[in-house]
Every structure is written in C-alpha cells, then in structure tokens.
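Take a look at the salt bridges and the sheet in this model. How does each label follow from its definition?

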Amino acid sequence: MSLTPAPGATPGATPGAAPGLAPGSEPALAPGAAPAGAIRLPVEVTPRDFPTNGGGLCAKGWTSAAVLDAPDRLTTPLLRDDDGALHPATWEAAFDAIVAGVHRSWAAGGREAVGVFGGGGLTNEKAYTLGKFARVALRTPFIDYNGRFCMSSAAAAGNRAFGLDRGLPFPLTDLGGADAILLVGSNVAETMPPAVRHLSGARERGGLLVVDPRHTPTAALTGDGGGLHLAPLPGTDLQLLLGLTHVVFAEGLADDAYLETRVTGSDDVRREVSQWWPERVERETGVPADQVRLAARLLAAAAPSRGGRGAYVLTGRGAEQHAHGTDTVTAAIGLALALGLPGVTGSGYGCLTGQGNGQGGREHGQKADQLPGYRSIADPAARAHVAAVWGVDPDSIPGPGVPAMALFEKVGAPVESGGIRALFVHGANPVVSAPDAGALEARLRRLDLLVVADLVPSETAQLADVVLPITQWAEETGTMTSVEGRILARRKAVEPPGLVRDELWVWRELAARLGAPVPFADDPDEVLAELARASAGGIADYGGVTLQRAGAEALYWPCPSADHPGTPRVFLNHFATPDGRARMLPVRATGVADDLHREAPLYLVTGRVLEHYQSGAQTRRVRRLAAAQSRATITLHPLTAARLDIEEGTPVRLTTARGVAVATAILSASIRPDVVFMPFHFAGRQRVNLLTNPATDPISGMPEFKVCAVDVASADTPAARLALLGEGVPS
C-alpha cells in the first residue's frame, strides 16, 4: 500500500464513523476501489499495483490507518502502583522500574530467571535486535516468539527436507500459471483475499484442490468445475496426504527420473504409503476413495514431467497447528517430491505465512535455538561469526533456549525449579493467542516483573507491571520479508503521538542501563547493515541487503553481496543439503492428542474470520471491523444444533478439559456435523484459546491449536449474554 499524510488530520485524534454510514454496511472492496465514507486519519491508504496484491486490499488493509488513532492508543509509559492499577509515568521511571526488577530476578535466580517473548510482526531490524538484546544485554537463553504458533511445523519440515526454510521458495505470482494447486488447511479467501487472484489459473482449468473440514469461501471456489473440495475429519490431513502419495506411486504417476537424480529416501516413503490405499483413507478421514484418486490424478496430470503447465502443494495453519504438524507437512512435501515439483520453475511446495513478518521474524534470532541468518546457536562457527559482529566473546552468548510452550511453563514458577521471574513481551498478546490461555494468564500473574511493549492496552498489557508505548507500522522505518522471501522496505509516514518511542530506542536505552558490554544502535539503516554482516554466509543471507535496494528492487534472499541480484527461486539447481538432494522421509499417522470421548463428543477447530486478525488487539479497535463482527461465534451444522437444542443467534457454552468459553451460535451446512468452528480473535470469556490443547509437536514445538474434543451446550442465560456484549472492544 501507499501512505500519504492526510491534510488537516490531527495526530492522536479519535476517529469517528463516516457520516451517514451505518456500521458494518460497507460493500466488498474491489481492487482499486476506495471505501465508502471518509474518516479524518493521520494517513490516507491507497493500494499499490504490486505483484502480490495486484492493486487490491482487503477490509483490514483499507481500515489499517484507524489503528494509528485507536481510541485507547498507548501514548505514555504506564507503571503499576501500590493501588494495583496502571498509572502514567515518565520513560525514566519506567526504565528504573525495569532495571530494578531485572536485577531482583538476576539476584534470585541468575540470568535464566529472565525471559523474552517476541512477535512475527516486528520488522527485521527489531527481530534481530530483540534476539541480540536477549543474548547480550540480558544474557538469557530463554527467548522465543509467537511465530512458534504460526509456521514452526512448516519450517521444521522444510529444513529437514530441503535444508532451507523459506515459506514460498518462488514468487507468489508463479502460482498463476499452474494447472493444479493443492491447498491444505488455508482459507485464503478470508485470511488474505488479495492472494486469491493467484489461484484463478488453476481454478479456470479445474485444478484447484482445497482440503478443509469446512466448506469455506476458499473451498467454494472449487465449485462450478473449478476443482475439488476434500473435507477430512479434523486431524487427519496426514492420512489424506499419505493416501494421495499412495495413488501417485501405485498408479505409476511418480516422476521417477526426478526421484533418481534429485531426491533420497523415496523407496522408504513408497513402502510406508503402500498401506494407505484410498479405501483405508476414506475410513480414516471420511474423504471418498474416488475423490482421493481423482485429486492425485489431477495433480499428476498438471506436473511438468507429464506435460502439464505445473502444480503446487501449499500448506497453511490448518495442516500445521497439530501435535504432528511437522509430519503432516513432511507428507505434503513428500507428495510434491514424488511428483517432481520442488526446484522446477512453475511448480513446487510452499507454506503460506500467517503474520506480517512471519518469514523475516524467524530468520534473525527470535527463535530459541537461532542466531541471525538462520544459524544454529549451538554451532561454534556460527557463534564465533555473530560474536565478532556483536563485539562480544562467543562464550558469553547463551546456548539454546526452549520453544514457546516450554518457556511459558517456566513463567511464574519458583526459581528453585528453574522458573522465569521476569518476562519481556514485544509484539505479541499471548493471553489471547496462546493455547490453554487461562493457565498462561495465571502464570503471568505470578511473575515478579512483566514488561509489555505495545501500541494498545492488549489483554497481556493489562496484566503488566510496566507498559511501554511503542511505534506501529506507519510510524517507523524498516524492512519486512514476505512469504516469498522478498525483502520489503517500509518507510515512516507520520510522527508517533505523545511519548511513543521506537523499540530500537527502547532496547538501546535498556541495554546501556543493564550494563551491556557493547552499545546498541537505534537507527534502522545502521541496524540493517549490522544484520547484513551477522547473517552473511548463513542460510538466510542478507549480506547485500540495504533499505535502498529493498525499496527499489525485487530483492529476495539469499542475497550475499551488493552486486548479487537476489534469489527469487531457490532449489532450481540443487537443494540446500550437503549433497544437494532433497530428503523424502517416511512418516506415520497418529491420532488427535485430545480425541472425542463421552464428555466431549464434537471436534473444535479454530481459525480466522474476514474482519479480524490474530488476537484481535488491533482489529477489534477498528470500528468498521468490530461492527461487522463484534463477538465470537460458533458455527454448527443445523443437524447438530437441532440435536443440542441450540438456536441461531443464542449463546452457547463450550467446554474442554482446559476451560469454558462462550460464543454466539451460527448455523451453517458448510461444516461437518461432527465439527464446530470458533475464531480466535476475541477476549475474556470469548477466548477460544481457553479451550485449546497445549500438547506440542515434538520436533517444531507447535501446539495443537486446530483440533480438540469439546462439549457444546445451549447457554441462553443472562450471564452468558453479558459475556457476549462485545467484550474487549473499546466503547
């Protein structure tokens, strides 16, 4: 998008509804069309004719400027006083409180008594500096970020199959030329509408294959001859993918020449999938055997080795947010490799990211086991290289930490048992977004010090001892990395209000006060130059990246030098493994961690809706979006609702082994009768993550957000109605 400072706008003013426009009445916004009405905001937003969005924006893009003037925008530091409430404070007082609290935690439990939790919305420069701040200023191994809840399973599977994790190892525009696209667990029509245009080619040729237990707007694109909707039982995507691969091998559809020259392990996978014939897959997943065969044949016919224009296998959170998510993505990659797709122009495997900087945010040090450039923190050579850039002793850099859920288990625990007593949270709202959120909230309340940097008083910020008001997207300069591995320049358009400060400045000031052995930079150009040196030679090599190049060129990593053009398509000649071959790995299907039982006879799946994003901390503060969907809903099949005596629009109580939540009933035949769906954008009693299972994938650390057993009952009571009165939306 392009931003223009709006003439006559008053910084910090609260926007009102457009005159004469009923809340929630806006029509769908076509590419290039302006939203109805006018709101006086700091910037005017217009779509750019950019390759990924083609001049289109979704409702969240059009209304994004409203977040700059959110009614309760944080404009001053806040400190929790003896009365238990948060009160405005100076930056000096806030820093004093943080430093004193950190020193108390160090005295009680050493450096490991302090933890850090980051976010996939931070710029590359901020993600890099936060990782450096944790290891150099705090000297703690305990840092992780909310991308652990997003793409970690796909990252783990990509690393072990290809030796490199880049969401899409090709430009998004490449999808348009394909004959077939298999989309597993992603509802792009609602979560990233501008990307739907790239599915049109496959749809026109009858090759759009969507795997989802709901008949989502994306699945609806397969109608009228556009392709095929496969609706498996939640938690059985892995079995379905094994069945598709079985058909490819059993019917002689595999690209044997490709497997012979570019892949290892295909014989082991061939043996493993031999037991997943379509009729067995139908029994396990509910997907008819003839649909399994047809989908595999459509993909094979689209493969270049069989004369097709190309085929892609894409995964999203629906396939990945499981306790066996890494294996599911590994099976998806295995299917793509069997067909000879990865590393071939016009075909491949890819993963669709879920956060603004979901790709770049995981490349430069926020992850528990990682140093900049996607280097392993356990690698002595990597430690030496980064230490030289930082100007510190390699031995002073802590070793690997633990993934997010293991980190959260330490939060608030006694130091005698290795507990974390002070926690920094930057760019995340885990009180809403983490699984088993009620248990995490209780742990956060037991901390000696909770520091939250945010732009609005999120549910996590409301629990903090110190709240730091920080800049947001239009108020800062930096780079982001798209799902395609393209580095994007983002330039400051307006000044922040009040005492709002950039986090780079915050970390510079705190590092100095905490006695860091080296100074921290707060100029984004200077930080990016340091990031380039630290990542040079790594897997995600930004050695030749500058803000100027990112703003002027289509610049994809790896980009090792100033004269390197970047790499829009990786793997064309070889994979990033020691022998240059991709790894096919056999995986075995496992059941849902929290499966159905008498007290919980339905499957609960979670996801997004068109109007909201992530924990909703920002979008629930945009009046147009909140008016369109102001509360959590639960979608049930009409047959299920009739059996449970639940009527449309009435409160419903959902109960799992972890908690209870409430939502408003929506009846729809678009969902399986044994499944209910609830979005995760809402707070208070409407938090679906009060219910979700914290069981994690043993490889990636991904929690099983996407499926658990739930009891559903009518709850048409005054208390339930009160809990559904737009909780969490500012008045």
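**Sheet and salt bridges**

The bridge partner of V116 is I143, which lies in β6. This is a predicted model: local features need pLDDT of at least 70, side-chain atom pairs count only at pLDDT 80 or more, and totals for chains, interfaces and linings use all residues. Residues are numbered from 1 along each chain as its sequence is written, and side-chain values use heavy atoms, with hydrogens and water left out.

Q: What makes β5 and β6 a pair of strands?
A: Two strands pair if DSSP finds at least two bridges between them. Strands are DSSP runs of E with at least two residues, and helices are runs of H or I with at least four, numbered from the N terminus. Strand β5 (residues 114-118) and β6 share three bridges, in the parallel sense. Therefore they count as paired.

Q: Why are β4 and β6 called edge strands?
A: The open sheet of seven strands runs β4-β3-β17-β16-β15-β5-β6, with mixed pairing. β4 (86-88) and β6 (143-145) each pair on one side only.

Q: How do you know that helix α3 packs on the sheet?
A: Contact means heavy atoms within 4.5 Å. Helix α3 (residues 124-137) touches β5, β6 and β15. Its direction makes about 155° with that of β6. Axes are lines fitted to C-alpha atoms, for helices over the stretch in contact, and angles run from 0 to 180 degrees between N-to-C directions.

Q: Why is the link between E320 and R317 called a salt bridge?
A: The term asks for a side-chain nitrogen of Lys or Arg within 4 Å of a carboxyl oxygen of Asp or Glu. Here the closest N and O atoms are 2.7 Å apart, so the pair qualifies. E320 and R317 are three residues apart in helix α13 (residues 317-320), and so about one helical turn separates them.

Q: What makes R549 buried but E553 partly exposed?
A: Buried means under 20% relative accessible area, exposed over 50%, and partly exposed in between (1.4 Å probe, protein chains only). R549 has 12%, so R549 is buried. E553 has 30%, so E553 is partly exposed. Their side chains meet in a salt bridge, 2.9 Å from N to O.

Q: What does the salt bridge between E459 and R620 tie together?
A: The closest N and O atoms of E459 and R620 are 3.3 Å apart. E459 lies in the loop between β16 (449-454) and β17 (466-469), and R620 in the loop between β21 (602-607) and α22 (623-628), so the pair ties together parts that are 161 residues apart in sequence. Both E459 and R620 are buried.
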